[in-house]
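This report goes through a protein model from the whole chain down to single residues. Please look at the sequence and the structure before reading on.

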Amino acid sequence: MTEPTVSIQNVNKIFGQGTNNEVHALKDINLEIQPNEFISLIGPSGCGKSTLLRVVGDLITPTTGAITVNGKNAHQARLTRDYGMVFQAATLYEWRTVAKNVQLPLEIMNYSKQEKEARTNKMLALVELDEFHKHYPWQLSGGMQQRVAIARALAFEPSLLLMDEPFGALDEMTRERMNFELLSIWTKTNTTVIFVTHSITEAVFLSTRVAVMSARPGRLVHDIKIDLPQPRDNDTRENVRFFELETEVREALRESEGRRE
Amino acid sequence: MATPVIKLPDWFKPVLYFLLIVVILALAWEGYKLLAAPGGQYLLGTGPIKVGEERVPGPLCQSIGLCEIDLPIRADDRAMPHIKDMVVTIFEPPRRGSDVLLFTILLQASLFTLQEAIAGFLMGGVLGFSLGIVFAHSNLLERGLLPYVVASQTVPLLAIAPMVVIWLGGNWLSVAIIAAYLTFFPVTINTLRGLRSPEPTALELMQSYAATRWHILWKLRVPAALPYIFTALKVSATASVVGAIIGELPSGIADGLGRVILNFNQYYATGPEKLWATILFASLTGMAFFLIITILEKVFIHHQPANT
């Protein structure tokens with residue numbers, strides 16, 4: 001069996017420990033993610049999915065437990081730039097052009113000038129924004145900005161992609177299109193993706209696996225394998241199995257919402 | 001046949017409105033003067049009129065009983081010279097026996113003061129910017145020093161200026177330092193605010209790249225702070241001119257606007273228009289500096305859409 005890309009062991013996160021405002025965000029999370037999986041984290045609001053994502057990314061330190069990414073602990077993985085992040089807000093720098101925004105991580109990681117240009121061109125071609133190199137973020141639509149954010153996250157070819165509801169702020173049509181594009185990018189780049197979402201449809205459509213979390217304190221209560229064929233397309237959504245899986249996820253969510261400790 | 005459309009430059013309208021307002025103010029000035037009875041103290045028609053050797057109450061006083069209504073501001077030619085006279089005096093020599101026009105004297109004095117203001121502006125700007133960076137990175141220093149920074153601005157400049165002159169002598173450096181004193185505060189406050197303006201996700205992004213604090217400062221915080229900094233620089237531009245003029249007063253420097261103001265103040269009675277002409281040049285100097293900063297802002301912050 002291959003080494004899991006991400007291994008989350010007995011992770012707990014308590015905010016404000018010892019104060020009056022103690023919040024037990026994550027409880028006894030155990031999860032293993034294999035290379036090239038696309039796993040969605042879904043759960044009711046406030047269940048800690050974004051917190052879990054940030055714990056994996058070493059942006060939040062867990063209270064107990066250990067994270068292993070590519071054989072290293074989370075902190076090491078962050079320092080060796082093993083993952084790229086995409087947020088719900090594109091968070092592009094408004095004073096930089098599209099090309100310069102994609103180059104941001106490359107500048108920090110000291111890539112050579114040729115490398116920077118080559119990778120920027122490659123990434124912008126991948127997200128189909130070739131003609132927008134010199135545009136500024138305010139000139140782009142929300143969907144386009146997210147594509148730039150994805151290009152930026154992939155520019156340094158991380159093996160892991162952490163995405164926190166990246167399409168949450170987009171309209172339905174754009175969202176569906178972005179789902180396609182993301183899947184096409186995922187197959188082309190062989191990354192492992194951890195994808196936080198509120199949308200059951202999105203989770204089932206995109207993933208190979210859906211992890212359902214309970215309400216706070218967030219626990220992993222269901223792990224549903226999505227056995228729909230690849231590549232996914234428009235027909236996938238109209239597949240009977242698709243509805244079955246959606247229902248399975250929906251019921252798991254309802255159950256998890258009922259269970260509050 | 002299509003009518004040709006002439007594209008006016010962006011600055012045309014603002015300049016036009018500005019000139020329009022100047023004209024309106026000039027008309028208001030003269031209009032106010034017209035409301036005055038001869039002598040300038042009383043409202044027209046309410047002041048006493050000289051008839052022969054006697055002083056008789058004015059027409060409005062005799063008819064409806066409005067007698068000796070004091071105008072809020074005296075409107076005689078000494079207190080409020082005619083606009084025309086202010087303009088004419090610029091193109092005359094102020095000193096009898098010399099051919100040098102007042103215009104030349106004022107222009108040279110303005111440029112001299114402007115240089116001191118620019119020096120003070122640069123010193124204050126650099127100090128303010130550096131303090132902003134220090135405070136953004138150290139809560140301890142911010143909490144310790146910021147109150148003193150704020151308190152420094154409450155001490156009247158007129159009290160500090162002579163002290164600086166005593167310490168450093170009556171030269172342009174003292175004047176620049178006094179100007180810097182007024183300049184550094186807005187820059188500090190706005191730099192600090194701007195450096196702290198990026199949203200948390202922008203910082204998380206930087207952390208995910210394992211960026212150093214240096215990276216975060218120069219690639220995220222400073223660019224994000226530029227709009228705030230330029231706002232402060234615009235305020236500081238005009239403040240530095242004021243600071244330079246005040247700084248010149250105790251310094252004994254003869255070449256700047258400060259000395260010209262002192263002179264025309266002292267000899268106000270013999271030529272009140274000259275002081276007003278000087279005030280005009282002083283404000284034009286401040287405006288010119290402000291305009292330079294505005295142009296620089298457009299150069300550095302060209303990425304923003306036009307309405308921000």
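What percentage of the 261 residues in chain A do buried residues make up? In this predicted model, the buried share of chain A is 44% of its 261 residues.

**Chain A as a whole**

Chain A holds nine helices and ten strands. Its C-alpha trace spans about 55 × 45 × 40 Å along the principal axes. A compact globule of 261 residues would have a radius of gyration near 18 Å, and chain A agrees because its own value is 18 Å. Among the contacts in chain A with a separation of 6 or more, 72% are between residues 24 or more positions apart.

**A strand pair in chain A**

Strand 9 (residues 209-213) and strand 10 (residues 220-225) of chain A run antiparallel and are joined by five bridges. One of the residues involved is A:R209, whose bridge partner in strand 10 is A:K225. The two strands of chain A are connected by a hairpin of six residues.

**Where the chains touch**

The contact involves 19 residues from chain A and 14 residues from chain B. On the side of chain A that touches chain B, helix 2 (74-79), strand 6 (83-86) and helix 3 (98-108) of chain A each supply at least two residues. Helix 3 of chain A gives the most, with three residues. By type, this side of chain A has 14 nonpolar, two polar and three charged residues.

**Helix 6 of chain B**

Helix 6 of chain B covers residues 157-168, which is twelve residues. At 1.5 Å a residue it should span 16 Å, and the prediction agrees because the end C-alpha atoms are 16 Å apart.

| Class | Residues in helix 6 of chain B |
|---|---|
| Buried | B:A161, B:V164, B:V165 |
| Exposed | B:A159, B:I166, B:W167 |

After helix 6 of chain B comes B:G169, which has a positive phi, near 90°.

**A tryptophan in chain B**

B:W29 belongs to helix 1 (residues 12-34) of chain B. Is B:W29 buried or partly exposed? B:W29 counts as partly exposed because it has 16 C-beta neighbours inside 10 Å. B:M80 is 51 residues apart from B:W29 along the chain, and their C-alpha atoms are separated by 8.4 Å.

Technical notes. Residues are numbered from 1 along each chain as its sequence is written. Chains are lettered from A and ligands numbered from 1 in the order in which they are written. This is a predicted model: local features need pLDDT of at least 70, side-chain atom pairs count only at pLDDT 80 or more; totals for chains, interfaces and linings use all residues. Helices (H or I, at least four residues) and strands (E, at least two) are DSSP runs, numbered from the N terminus. A residue is buried if 20 or more other C-beta atoms lie within 10 Å of its own, exposed if 12 or fewer, and partly exposed in between; C-beta atoms are placed from the backbone. Two strands pair if DSSP finds at least two bridges between them. Two residues are in contact if their C-beta atoms, placed from the backbone, lie within 7 Å. Ala, Val, Leu, Ile, Met, Phe, Trp, Tyr, Cys and Pro count as nonpolar, Asp, Glu, Lys and Arg as charged, and the others, Gly among them, as polar. The radius of gyration is taken over C-alpha atoms; the globule rule is 2.2 Å times the number of residues to the power 0.38. The expected span of a helix is 1.5 Å times one less than its number of residues.
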